[in-house]
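The following paragraphs lead the reader through a single protein chain, from its overall layout to individual residues. Please keep the sequence and the model in view while reading.

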Amino acid sequence: MEVKTITIPELQKKAFEVHTSIRNMKRMFDYQLAVAKVSDGLDEDDVVGQISASLKGLDETLAFIRAILNLDDDTYEKLLDLDSERVQKISEQITGHLLGLTDEQLEDAKNPKE
């Protein structure tokens, strides 16, 4: 098992450890599947369904981050105060590390060279 680190200064000064264990890989795939199911087959005219799907996707993302980083209640509250774009970036960084990507590869994926 490899241990990666992720720094999230908005939550704490010390870097979080991301363990590439089977348990965390399973959590990641469960998270990805849940988010995919939420967005699958949404009707554009169903406003309630869209809002419900957005809430479910956000809840899944927050639960995934909390589980992988082992956030306590106080730190989780700080996570809830971040904007959605930052939370999504944290989720993507964790997922990338679990898939074996380096920080450089993650950065390259965000800014592809022409």
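A residue counts as buried under 20% relative accessible area, as exposed over 50%, and as partly exposed in between, with a 1.4 Å probe and protein chains only. By this criterion, 32% of the 114 residues of the protein chain are buried. The model is a predicted one, in which local features need pLDDT of at least 70 and side-chain atom pairs count only at pLDDT 80 or more, while totals for chains, interfaces and linings use all residues. Residues are numbered from 1 along each chain as its sequence is written, and side-chain values use heavy atoms, with hydrogens and water left out.

The chain contains 5 helices and 2 strands, where helices (H or I, at least four residues) and strands (E, at least two) are DSSP runs numbered from the N terminus. Their order from the N terminus is β-β-α-α-α-α-α. The C-alpha trace spans about 45 × 40 × 30 Å along its principal axes. Taking contact to mean heavy atoms within 4.5 Å, 59% of the contacts between residues at least 6 apart in sequence join residues at least 24 apart.

The interior is considered next. A nonpolar core is a set of buried Ala, Val, Leu, Ile, Met, Phe, Trp, Tyr and Cys residues joined through side-chain atoms within 4.5 Å. The largest such core has 21 residues, of which Ile65, Leu69, Leu79 and Ile94 touch the most other members. At least two residues each come from β2 (16-19), α1 (22-39), α2 (47-69), α3 (73-80) and α4 (84-98), and α2 supplies the largest share, 5 residues. In soluble globular proteins, nonpolar side chains tend to be buried together.

Helix α1 has 18 residues and reaches 26 Å from its first C-alpha to its last, close to the 26 Å expected at 1.5 Å a residue; the expected span is 1.5 Å times one less than the number of residues. Its buried residues are Asn24, Met25, Met28, Tyr31, Ala34 and Val38, and they pack against β2, α2 and α4. After α1 comes Gly41, with a positive phi near 75°.

How do α2 and α3 meet, and at roughly what angle do they cross? Their axes, which are lines fitted to C-alpha atoms over the stretch in contact, with angles running from 0 to 180 degrees between N-to-C directions, come within 11 Å and cross at roughly 140°. The contact is made by Leu62, Ile65 and Arg66 of α2 together with Asp73, Tyr76, Leu79 and Leu80 of α3. Between these helices, in the loop, lies Asn70, which has a positive phi of about 55° although it is not a glycine. Most residues other than glycine have a negative phi. Asn70 is exposed, at 69% relative accessibility.

Leaving aside residues up to four places away in sequence, Ile65 touches Asn70, Leu71, Leu79, Val87, Ile90, Ser91 and Ile94. Ser91 belongs to helix α4 and is buried, with a relative accessible area of 1%. With the sequence neighbours up to four places away again not counted, Ser91 touches Tyr31, Thr61, Phe64 and Ile65. Ile68, in helix α2, is buried at 5% relative accessibility. Beyond its neighbours within four places in sequence, Ile68 is in contact with Glu17, Val18, Asn24, Arg27, Ile94 and Leu98. The C-alpha atoms of Ile68 and Thr95 are separated by 9.8 Å, although these residues are 27 apart along the chain.
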